[in-house]
Amino acid sequence: GPVLGIEASCDETAAAVIDGDGHILAEMVLSQLAEHEPYGGVVPEIAARAHLRYLPDLVRRAMANANVSYKELGGVAATSGPGLIGGLIVGSQFGKGIAIAHDLPFVAVNHLEAHALTARLPGLVDDGAPFPYLLFLLSGGHSQCIAVMDLGQYRRLGGTVDDAVGEAFDKVAKLLGVGWPGGPALERIAAEGDPDRFPFPRPMLRRPGCDLSLSGLKTAVAQAVARLGDGPLERAQRADVAASFQQAIVDVLADRAVHAMTMMREQFADADLIVTAGGVASNKRVRAALSDAAGTCGFRLVAPPIRLCSDNAVMVAWAGLERLRRDLRDDVSAATLPRWPLEALSQRSA
Ligand code: ATP
Ligand code: MG
Ligand code: FE
């Protein structure tokens with residue numbers, strides 16, 4: 001039957017219903033932009049309270065739009081980690097409550113697994129990306145290259161040793177004062193700038209493996225901004241810094257992706273899909289560069305539509321459905337885990 005998905009791990013309150021084949025019946029996302037904007041970042045306590053306020057009505061509307069009653073559901077899936085503990089508790093307890101009230105199976109979804117499995121939604125790649133594939137996860141909290149071998153079977157090939165890519169975008173955006181959330185604002189202003197104006201470092205370029213490091217780049221941007229003078233930068237200067245920063249990121253990501261695809265081929269000779277996910281995957285220059293890199297390596301890039309790259313509940317419902325299809329359900333006493341690496345799932349689903 002249909003699956004209800006609930007996502008409240010960060011600052012998006014989201015609910016979605018998919019049918020038993022994974023087709024989307026309803027999807028709702030409420031970004032808490034106004035709540036957090038005055039602070040220039042997500043405030044965990046405010047996020048948790050906002051989830052509490054928004055979720056009941058959002059779920060009610062998702063169910064109404066899907067035209068599905070609770071007793072028709074095949075299960076309830078709620079993000080139970082990793083993320084901000086307050087929101088995770090609100091979302092997962094809400095899902096558990098519905099499951100208990102209507103005697104439905106509950107799935108405690110790992111948010112990263114939900115990003116990882118999005119490419120398997122029917123319609124994105126034919127009937128869904130077949131295993132194994134390479135996942136290049138580029139979000140606000142994570143930047144990792146992962147071999148997705150099977151449901152629950154993940155092998156980390158590399159990742160950031162310091163900042164996540166989205167975090168770097170957000171920090172540079174804050175430095176430039178281009179607005180919040182930083183990533184999309186930075187992409188917009190970068191479009192007006194000269195990407196060659198500032199020769200920012202490309203850390204880790206051509207280094208073996210597929211680790212990445214972004215804190216040196218961030219520091220170089222801060223130093224360049226400081227050298228431009230004390231007062232607020234002119235718009236054209238901000239655009240040049242943004243464009244040059246974005247270009248450095250794009251070059252690093254393309255190089256790291258090529259290395260990750262090479263590693264993937266060594267371990268899985270037939271692998272030919274690279275899937276990108278996470279909010280940064282909605283950046284047009286990043287998508288174009290990854291697509292080129294994939295072509296170079298004889299891989300195909302799968303980039304989900306932007307609304308499915310950033311946080312959403314469709315991916316949570318889908319991860320729940322994939323688990324329910326294999327009879328992998330969780331007890332309503334399942335823990336809520338602020339830290340929950342993908343590789344920890346391998347033990348769980350065996
Ligand atoms: P995680 O999934 O690791 O818990 P998260 O849920 O905060 O982190 P997402 O919602 O997937 O991450 O992505 C948000 C991040 O993506 C933010 O850091 C944001 O700045 C970045 N981002 C969103 N759109 C763009 C864009 N167009 N260009 C660059 N970065 C972007
Ligand atoms: Mg978010
Ligand atoms: Fe996310």
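Which residues in α6 meet Arg-238, Ala-239, Ala-242, Ala-243 and Gln-246 in α8? They are Leu-186, Glu-187, Ile-189 and Ala-190.

## About the model

This is a predicted model: local features need pLDDT of at least 70, side-chain atom pairs count only at pLDDT 80 or more, and totals for chains, interfaces and linings use all residues. Residues are numbered from 1 along each chain as its sequence is written, while chains are lettered from A and ligands numbered from 1 in the order in which they are written.

Helices (H or I, at least four residues) and strands (E, at least two) are DSSP runs, numbered from the N terminus.

## Two packed helices

Helix α6 covers residues 182-190, and helix α8 covers residues 235-267. They pack at an angle of about 110°, with axes 8 Å apart. That makes α6 roughly perpendicular to α8 (65 to 115 degrees; under 35 is roughly parallel, over 145 roughly antiparallel, the rest oblique). Axes are lines fitted to C-alpha atoms, for helices over the stretch in contact, and angles run from 0 to 180 degrees between N-to-C directions.

The contact of α6 with α8 has six nonpolar, one polar and two charged residues. Contact means C-beta atoms, placed from the backbone, within 7 Å. Asp, Glu, Lys and Arg count as charged; Ala, Val, Leu, Ile, Met, Phe, Trp, Tyr, Cys and Pro as nonpolar; the others, Gly among them, as polar.

## Around ligand 1

The shell around ligand 1 has 23 residues. Gly-140, Gly-141, Gly-166, Gly-183 and Gly-279 come nearest. Helices α5 (165-176) and α6 each give two or more residues to this shell. By class, the shell has five nonpolar, 14 polar and four charged residues. A residue is near a molecule if its C-beta atom, placed from the backbone, lies within 6 Å of it.

## The open sheet

Five strands form an open sheet in the order β8-β7-β6-β9-β10, with mixed pairing. Strands pair if DSSP finds at least two bridges between them. The edge strands, β8 (153-159) and β10 (300-302), each pair on one side only.

Strand β9 (residues 273-277) and β10 run parallel, joined by three bridges. Leu-273 has Arg-300 in β10 as its bridge partner. Helix α9 (residues 284-296) packs on the sheet. This helix touches β6 (133-138), β9 and β10, and its direction makes about 150° with that of β10.

## Listed binding site

UniProt lists His-111, His-115 and Asp-311 for "binding site" in an unreviewed entry. The three are spread over 201 residues of sequence, yet their largest C-alpha distance is 8.8 Å. His-111 lies in helix α4 (residues 111-117). UniProt positions follow the numbering used here, feature names are shortened, and annotations may be inferred rather than shown by experiment.

Conventions:
Two residues are in contact if their C-beta atoms, placed from the backbone, lie within 7 Å.
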